[in-house]
Every structure is written in C-alpha cells, then in structure tokens.
Amino acid sequence: MTKIIFTLLLISSCSFIDYGQLPAIIKDSIYDKDIVIDDEFYNAQKYSFAKIKIGKSIVAIAVLASASKEKYVWISQDGVRIYTNNGRITKTVGLQHDISILDGSQNINLASFVNYDPSKSYVRNALIELSNPHAIISQNFNLTEKGIDSKYFNSMLYSEDFASGKLAFGGSNYYWVDPRGRVIKTEQFIHPKLPKVVMEFYFK
Amino acid sequence: MLIYLLPRKRYLSVLVFIFSSLPIYAGLDDYIYPYSSPSFNEYGALGLIRMPSARFHEEGTISFHWSKNNPYTRGSIIAYPFSWFEASYQYTDVNNALYSDVESFSGNQTYKDKGFDVKFRLIKERDYFPQVAIGIRDIAGTGTFAAEYLVASKQIMVPKFLNGYNYLTNADLTFGLGWGDLSYSKFTNPLKKLDSSFDRRTLIKRTQGGEFSPGRYFSGPMGVFAGIEIPLPNLRGLKLKIEYDGTDYSEEGFPFGRESFNLAFKSIKQSQSRINYGFLYPVNNYIQISGGFTKGNTLSFGFTLSGGFGKKNPIIKSTEKLQSVDNPILRKELADGDDEILMTLAMDILRKNNIHISKGVRNGEELRVAYAQNKYMSHAMASGRAAQALDQVSPDYIKTFTLETMNAGAVMNSISIDRETFNKYRKDKLYILAKNNIKINSSKFNEDDYTFNPPFSYPYVFWRIEPDIVAQIGGPDGFFFGNARLAGRSEIKFSRKLSLNAEASIGIYDNFGELKLASDSVLPHVRSDIVKYLKQTRDYSINRLQMNYFLNPWNDFYAKVSGGLLEDMFGGIGGEVLYRPMYRNFAIGAEVWSVRQRGYNMDFSFLDYTTDTGHINLYFREPHSKVTFAVKGGRFLAGDSGVNIDFSRRFKSGLRIGAFFSLTDISKEEFGEGSFDKGFYFNLPMQAFFTNYSRSLAGWGLKPLTRDGAAYLTHSHHLWGITEPAQAYSIERDWDDLYD
C-alpha cells in the first residue's frame, strides 16, 4: 500500500464575492446598537412612534400609522407592520416569523388594564396563527397586577402568564401602564421562533 | 424495539399500526418537533447511528458530515443531484494502521481510506408502504468498508391508545438487509438462486484502486439490521436513535491488527452489544450534532453542515429591489421625440440597476438596447428588470423593448418584450401570461445597426483582489496541506473583442514546506509534479496571463483565439470554435492548442516538455432531467488519447452538481493508483448567503488522485461558459424571475 496518494482540493471562486455585501446572517448578529430615545429624538418625531427591540440584535423605530380606540398599527421604515391592541401584539406582517391572533384581537380583550379588579379572573384564551412554519395554536393567558414599577415612570406593571397546550411555548409577558391607562411598554413572547419582543410606546 | 416498551397484549396492535400508519403532516408538529429533516449515520449516509435508512434529502442538498468512532475518523461530502439519489465521498482516517510500511515514507501518518457510496430510492413512501432504497458502500474503493444493502423506512404515527407515549409520534422505523460488512447475521444469500456467483464475495485482484467491483456487490452471506429514530417533543428537535447493528466487525476495516493487514498495528474492539444508542441534536436547519454509544464499548460523536441549495432563494432571500428614478413622467416628457435623451436616460436608469448599455437604437415603436451585466444569475430577471427600468423613461409611443445580452463582444440573445402585455401582468406577476408575448431570438452584433454609441475608452480594466486557498489533503506527507493566499484577478479589455486575463497570487501562510513526495508517474509529468508547483509558488505566482480574441462570424457560431500563460502549468497558443444553436439542446465545438509546460516557479520560465493537444467537444442537455452531458474527445496533455465525460445538473438557484470521468488509451498501470481519472464538483451560488443578487459562484471540486492521464488544458473563458445565455432554455428556465 505504499502508494502515492494525492488529493487536490481546490477551493476557489469562479467569480467573486463583493465584500461590501455582508451575509444577512452576520448582519443580524452584529447589529446590536440600541436607539436612545431622549428629548431631542422625541421632539424630532412628527408622529407617535414605538421603539421595537426583538432579541438582542434588532432595534427599530415604527411610526403609528393608524389608531382606532386601543388598536394601533405601527409601520417600520422597512415596511414591517405591527398591530397592537391595548399594547398586546395581535398581528405582525413582514417579520421572519409572523403571527396573527385569530379573532381575538377583535373580540377578546386579552389585556384589561382599565378598571382592573384583582378579585376577578382574567383568564383568556385565543387561537394564534403562526407563520414559517405555518400552524395554529391555542394559548391561555392569565393577567395579574404586579404593582407600581418605580423604575419605569411609576407605571403599573401587569404580568400575563401564558401557555400553549402541548407546545412548550409559555412564560410571562409584561405590560407597563401609565396612570391614564395607556400601555407605555410591553415585553412579549409572540412566536416560538422569535426572541422576546420589547415595545416602548411614545405618544404625541 | 418498540414491542419491548409495551404490554404484551398490545403486540398485535402495534405491529398492525406500524405497517398501516399514516405520516404526520400537522403544522403544530413543526414546532413540537422542529428541524425534522433526516440525519446522517457515521458513514455519511442518511440513516441511524451506524446503519443506513431509506431517507433522502431534497434534491440540490449539499452536506458535510464529520464523525469520530474509534478507530475511525471520517469526513464525508454528500450531494443529492436528485431526490432519489444520494452520492457521498468519504475520507476515513483509520487509526489502527500505518499509512505505509516504510517509516520514512509515512512517519506517524495513519492509514487513509477513500470511499464513494451511492444510494438509490426504489419506492417512494406511501400511506401504507415504506420507502425502499438500495445502496452500495465503497462502490469503487479498496473495499475496506464495503457493504451493500436494501433498506426500508416508514414514518409511523402513534394511535390514540398510546396516550402517554406521545413521544413516539413521527418516529421513523427502519429495517434492512445487508451484505459485506453488514452481514453479521450470516444468513444464506437468497440471490444465489438467481446466480451461483452471489454465493461468495469476489474481489478484484492486482487492482490500482478506484475500480468498480461488480462481482462483489450483494454477494456472500446476508445480514439484517433495524432501528428507530424517535423525535422527542419540545426539546428543540432532539431525536433518540436506537438500532440493531448488523455490522460484521470481524470484516470491517482491519479488525485483528497485523493478522488482517500488514500495516495494522492494533486490533479493534469487537462488539459487546448489538444494540447501539444515539442522539441527534439539530442546532438549526443547517447544523446537526450527534453522539452515540456503539458496540457496547465505544462512544461516538459527529456533526453535520447541510443546506438545500437547489430552490430559488435557498438560504437567504435576495431582497435587492429594482432601482427607480424620481419623476418618471418628466423623464418621459424629456425623452419624447429626442432619441439621444431617451438613450441617455435609459443608460442612467439601467446603470442604477447594474445593467450597462453598450449600444442602442430606436426603430419606430421599438427601443433596442444591447447591454452587458454581471449582476443577475437569471437572464430572465435581468431582462425583466431592464424592461421595468426602461418603462420608467420611455415615451408611450415605445411599444416594444428589444434587449440584447452581450458577452465577449457578441450578442448572445435578443429578447423582444411587448410593453403593454408586460405591464398588464406586472402587478400580479403573471409571468406565465407575460412570456407569451416575449420572443427570444438569435442575433449577431452589427455595429452599424445602432445609432447610440456611448463613449467607452479602451483599455478598460476590471480587477479584484480576494482571499484564496489552495489545499491538498490525504497525501502521505500529512493529512492537510494548504496555502492561504491573496489572489488578484483582472481583465483588461483593449477592444470589444480583445482582452487580457491576468491572475496572480501572493502567499500569506502555508505549510507546504513539509511536502516532499515526488511523482512516480511513468507518463510525462503534466500534473503529478504538483508538489513542485505548490512548494515553489508559496510566495508568489503568476497563475494566468491569457490574451483572447473573440469572434462571432455567424449567428450561433462563436470562436476564440488565445495565447499566453494559459493556466498554472502550461502556456502556449491555440483556439476554440463552438456552434451553439439558440433553440437546440446541443452544441458542438473543437479546440486545438500548442503548449509548453511552465516552470515550477510559475513565472515566465518554461520546462522542456511541449505537446499539441486538442478535442472535439460535444454538449447535450437532457431537458427532462436537466442534466447536461459534456463529452471531450481527443488528445490530452500527456499525449494519451480518449474521452472525458462530464455530467452535471443545474438547479434553479444556479447550483450545479457534477461528476466526470475519463477513459484514454493508457493502461491502468500507466495511469497509476485510481486506475482512471474521475472526480466530482459543485458550484454554489453565493447569492444564497446574501440579500443582494450576484452571479458569483463558489466552485468546489475534488479529484481523489492527481495523475497525469486524461489531463486537459484549463484555459480561461471557455466558449461553453461564455455563451451560456446563447440558448433559449437558459432564459426560459427562469421565467418566474421576470418580475422579481
């Protein structure tokens, strides 16, 4: 077996990579610059807006495009639309993994912050349509009041525990509500394949 | 295995449901059991832990699998040219044997075994019938790990009465019959009733390796193997694997040290258990990690990198939008009645979209432009974008856009798009209707046909600098040698037809210093002196300096005359002609070269060896399978005569998977180890990893052995590649990109 064995392995490019193009995967992972909302930034905005943070890597500003009672539609610069109802994200369009609460956003008040009565049960149920991959899951929510959060504008903090039946997708969402009953910040898990979504709402 | 988990009275029910179960297609399962694609066994075939299964990845998938199971460390490259065909190439480091019996030759190098495996799907899985496949391991090697098998796999669904055992949902059950190394059970081979030659395995004697051994396949005693793969719920796709191991460890590799092979220095642990256990953890859709406990005494570990590259937007979707101009109405008004302004505006908007007008003319209601582009892999997309862009600046009286794709100074195709129809279906992207009013024609460049001639000052230089790696694996001097270098590549255009291709590189880091083995080839050393070239070009090299003159004397007929340093090892002069009719699936060409071997320094020096080489080139694309056959027949560099046959399949994404072999008039002994020239390659579209469109391809090729037989000149700008847009199918295959 004293043979000459050569293996030539050529890794070469028939054409070329434009190094100005970073792979999207890398782009996502290195973009962790946060956006500071100070007075100057706030005053520079013409309309109400929301700061959206998805996981640690994606930060975006979305402008309020339409409002009807507590149902808002926020549109980011790259066209992502996020629908909220009382701060709860009820539908997204344009994310890698979108969701849509089926009829819940219209008929079921998932988060009832105004006139919250601790003696009552705030257990709710909703069907949620997931994309990529497509599925429809059932989720149970239970809203509880956690008290004043002095670290965040003395707002009232609510937690919403949720579970998804057989699917191991559960946890707690949080809502910060100002004295006027407006949701000013939320932390939500909306899709099993998305990290936590944090939204801060700035009204004008 | 399943039966042992259940109460005795359920045996019958379980057996019934196994063979009558339905596959699961519930959306929720994608979340409870994510990343459910099949996984590789230790031999680089889709399967269980060591046993194969009847599973296949989708066509266009390319995978790399690495595994460690003492005494074997194995790297495999697996490709799926079709959804029914798995081809894998393995490189196994056998750690209980030396590379050679000459210590100064092999040093501490352990034995390396190369293997090529194939698996074919015979029957596709149905509701009540398993998927069945047939496979041959080590089909053309030394037979160290040779095995053949017939295997069936069935996805099973757990019925209601098994509530509480829901983790079995979607389990994949496999059962197989094996020959060769998979024949532990040693049943009598039933195939001997067909032919007595199946009774015992026959091996080729006095082989140079790399030869097929049909007398061996499915012969000798037969064994069985089985196993189950169970996805565990809500554990990020974690799978448990249990198998009955059919490996005959007294046959595989060199089991008993020197008794088995004179270079083996240590025996291999024999099996203490026939049951292997393993797990698979998918990190995401592209990476899998596996581990196992095999033979009752050996731990194993592995990982896989895998991607389905065949489809449109395979990994990352390209999101680069069509660039528009401000105030198109004003531009149309400006262009109204003034063709010079129209052409200038057209050139401006097309340039924004990386499409460069060379010439243009308006003929009544037709706007005709000749353009070059190096941005879009899909010619249909380039045409569609050009039409959408021109629509923004063209006055309403322009009814037809005629777009001519230029390359190497010639018009490759002429695409006439009816503007009204194109715009009518644009909003809904109804390309199937739009293409009915698009005509593709053959055309020949005639400078007098155009009135718009944008200034273009020659010489024009395109250049780029990029990292590059040249590597050699598996030689006796060491397993891996490589040179990371910086390569500069440029093309200087002196006129529309005359250009110079220059390539040079500067070495950054290499370990070629320890390469020492000289060629033992009895043929002229046209390739096998590669070690000398690699070692003497560590610092810098001129890889190419090739002058080209292109001609397009008639429709569908192309020619090229070239001279200079044509490739790494040869320089000279020659030419090529190609007839490539627009609406045919074939092309025919010829090339002839007079060359001299370059000095090992790859500078401007030459060695004494000179030769004349030339080929008749035939190309045929089979439309149904989309496989292109390329046959190159003639005289090769070492003076041997014969044919090189290349077959490859191109996928929607631009991925090409191919293989080749050559047969010439030299004997197996003259050729040396490997017996004949062969290899495989694939070209990955780089835009799969980016959000921008790109025509870049990353080429990866492997020849198991670098020998001198059947070597041909690898000159640049081969006409077959240059004229790719010159056949209608290269546009028609991508109509779905028309409005992207």
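This is a predicted model: local features need pLDDT of at least 70, side-chain atom pairs count only at pLDDT 80 or more; totals for chains, interfaces and linings use all residues.
**View 1. A barrel of 12 strands in chain B.** The strands close in the order β1-β2-β3-β4-β5-β6-β7-β8-β9-β10-β11-β12, and their pairing is antiparallel. From one strand to the next, the twist averages 20°. Strands of a sheet pair through backbone hydrogen bonds, either parallel or antiparallel.

**View 2. Strands β11 and β12 of chain B, paired in the antiparallel sense.** Strand β11 covers residues 287–294, and β12 covers residues 298–308. Eight bridges link the two strands. One bridge joins Thr294(B) to its partner Thr298(B) in β12(B).

**View 3. Helix α4 packed on helix α5 in chain B.** Helix α4 spans residues 328–335 and α5 spans residues 339–352. Their axes are 7 Å apart, at an angle of about 145°. From α4(B) come Arg331(B), Leu334(B) and Ala335(B); they meet Ile341(B), Leu342(B) and Leu345(B) of α5(B). Five residues of this contact are nonpolar, none is polar and one is charged.

**View 4. The buried residues of helix α5(B) and their packing partners.** Buried here are Leu342(B), Met343(B), Leu345(B), Ala346(B), Met347(B), Ile349(B) and Leu350(B). They pack against α4, β13 (355–363), β14 (366–373) and α6 (379–393) of chain B. An α-helix has 3.6 residues a turn, so residues three or four places apart point the same way.

**View 5. The length of helix α5(B) and the residue Asn354(B) just after the helix.** Helix α5(B) has 14 residues, so at 1.5 Å a residue it should span 20 Å. The end C-alpha atoms of α5(B) are 20 Å apart, which agrees. Just after the helix, Asn354(B) takes a positive phi of about 60°.

Conventions
Residues are numbered from 1 along each chain as its sequence is written. Chains are lettered from A and ligands numbered from 1 in the order in which they are written. Two strands pair if DSSP finds at least two bridges between them. Helices (H or I, at least four residues) and strands (E, at least two) are DSSP runs, numbered from the N terminus. Axes are lines fitted to C-alpha atoms, for helices over the stretch in contact, and angles run from 0 to 180 degrees between N-to-C directions. Two residues are in contact if their C-beta atoms, placed from the backbone, lie within 7 Å. Ala, Val, Leu, Ile, Met, Phe, Trp, Tyr, Cys and Pro count as nonpolar, Asp, Glu, Lys and Arg as charged, and the others, Gly among them, as polar. The expected span of a helix is 1.5 Å times one less than its number of residues. A residue is buried if 20 or more other C-beta atoms lie within 10 Å of its own, exposed if 12 or fewer, and partly exposed in between; C-beta atoms are placed from the backbone.
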